[in-house]
Amino acid sequence: MNFENSLSFAKGLDKKDPLRKFKSEFHHPGKSGKRFLYLCGNSLGLQPKSVKKFLSEELDDWAKLGVEAHFHAKRPWLYYHKFSKKALAGIVGAKPSEVIAMNQLTVNLHLMMTSFYQPTKQRFKIITEAGAFSSDQYAFESQIKLHNLNPDDALIELKPQNGEYYLRTEDILTAIKKHSRELSLVIFGGVQYYSGQFFDIKKITAATHQAGAYAGFDLAHAAGNIIVDLHKNEVDFAVWCGYKYLNSGPGSVAGAFVHEHHSNNPDLLRLAGWWGHQEKERFKMKKGFIPMPGVDGWQVSNFPVLSGAAHMASLGLFEKAGMKSLRKKSILLTGFLEFLLSDIVLFHDYFTIITPENPDERGCQLSLLMKKNGKKIFDRITKAGVIADWREPDVIRVAPVPMYNSFEEVFRFAEIFKKALE
Ligand SMILES: *Cc1c(COP(=O)(O)O)cnc(C)c1O
């Protein structure tokens with residue numbers, strides 16, 4: 001699309017936006033009656049107004065029914081993990097039997113790595129991106145140490161080429177091939193939290209399988225942001241959180257995917273708990289764990305109903321809006337942001353966009369690498385009412401979210417940013 005740098009053009013895009021009505025489904029934070037310009041859904045998604053209703057229904061059922069709510073609540077608690085399957089399957093491109101809401105993201109990462117990282121003397125290496133989110137780095141290192149191995153030998157972190165800000169797919173594929181004889185696991189972010197790069201899940205997974213290893217993805221910044229096709233691309237496992245693009249509230253229940261290829265694979269050891277045990281036998285409390293087929297067999301504890309209620313409220317909106325329409329708007333919205341930023345005269349003096357230019361290689365987030373006065377400029381835009389986020393040492397991340405951000409907001413952000421540079 002040929003964008004124009006004007007407020008009326010932005011307003012025109014909003015008028016034509018088929019998803020514009022979703023903005024009013026959310027609470028918009030502000031101060032003294034003035035809304036913040038919230039471009040931080042990559043960190044914490046906004047609260048859907050329907051969350052209160054879903055939550056109070058559970059609170060009411062708890063109050064009125066006590067333990068009986070496990071069977072007689074409006075959404076019986078015993079089966080709560082099943083209610084989100086259809087929506088989650090649509091969001092990550094999976095079969096309902098392959099996805100589950102459970103635990104928290106890093107916990108799920110550990111559970112999955114316990115199964116899919118089973119190093120042998122010959123195959124013990126993990127390939128990942130350099131500068132992965134800290135929690136993932138800690139998880140990888142501690143998993144390696146659990147097997148009495150040294151992270152310095154076992155962990156291969158791929159860096160972009162000199163002078164570049166994100167990885168070339170061909171370099172990732174070459175590294176996988178090069179280490180194929182020693183490779184156990186390849187694990188990447190779906191969308192890299194710092195650069196905003198959307199990795200080529202299909203190609204990385206195919207190359208990993210060719211090398212005889214498993215492929216997993218951390219979709220923290222991908223779920224609800226981009227189109228992923230976990231089932232079709234034969235990804236072995238994936239994990240994500242509920243509170244970023246999935247708008248399910250702070251620390252809300254997270255998710256996991258295990259491909260149906262592994263539904264009943266007895267070689268995949270796991271950390272077991274009663275909720276993963278055969279549903280019909282669960283309450284017999286007998287010795288001998290028999291996992292449920294599919295990802296359900298990776299559940300450990302009973303379901304966190306209160307955070308799950310917020311999750312259900314938000315997933316309802318995703319079902320209504322549809323990932324295809326969200327992504328379509330997202331490409332326009334972020335494209336508009338990129339156009340406006342590139343139109344700033346001081347652009348090259350002050351910052352570089354380190355997120356890939358190709359819309360197929362990024363989600364909604366743009367990462368602005370500040371060449372000078374980065375923190376000062378960030379503080380200025382914050383003071384002007386923008387909520388974005390600052391990542392040490394020098395990056396401002398801006399994420400216009402198609403579910404609730406408008407083209408007008410993107411325009412206003414660019415104006416504030418331009419002023420802050422001056
Ligand atoms: C947000 C994020 C996390 C946070 O982990 P929690 O277990 O949800 O606290 C971990 N990894 C990545 C890649 C993230 O983006």
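Guide: Ala, Val, Leu, Ile, Met, Phe, Trp, Tyr, Cys and Pro count as nonpolar, Asp, Glu, Lys and Arg as charged, and the others, Gly among them, as polar. This is a predicted model, where local features need pLDDT of at least 70, side-chain atom pairs count only at pLDDT 80 or more, and totals for chains, interfaces and linings use all residues. Residues are numbered from 1 along each chain as its sequence is written, and side-chain values use heavy atoms, leaving out hydrogens and water.

Visitor: Which residues are around the ligand?

Guide: A residue is near a molecule if one of its heavy atoms lies within 4 Å of it. Here they are Leu105, Thr106, Phe133, Ser135, Asp136, Asp218, Ala220, His221, Tyr243 and Lys244. By class, that's four nonpolar, three polar and three charged residues.

Visitor: How far is an oxygen atom of the ligand from an N or O atom in the side chain of Tyr243?

Guide: We look for polar contacts, pairs of N or O atoms within 3.5 Å. For Tyr243 the distance to a ligand oxygen is 2.5 Å. A polar side-chain atom of Thr106 also lies 2.5 Å from an oxygen of the ligand, and for the His221 side chain the value is 3.1 Å.

Visitor: How many disulfides does a search of the whole structure find?

Guide: A disulfide is a covalent bond between the sulfur atoms of two cysteines. The cut-off is a pair of cysteine sulfur atoms within 2.5 Å, and the search finds zero. Take Cys40: the nearest cysteine sulfur, that of Cys364, is 11 Å away.

How values were computed. A polar contact is a pair of N or O atoms within 3.5 Å; within protein, one must be able to donate a hydrogen and the other to accept it, and residues adjacent in sequence count only if both atoms are side-chain atoms.
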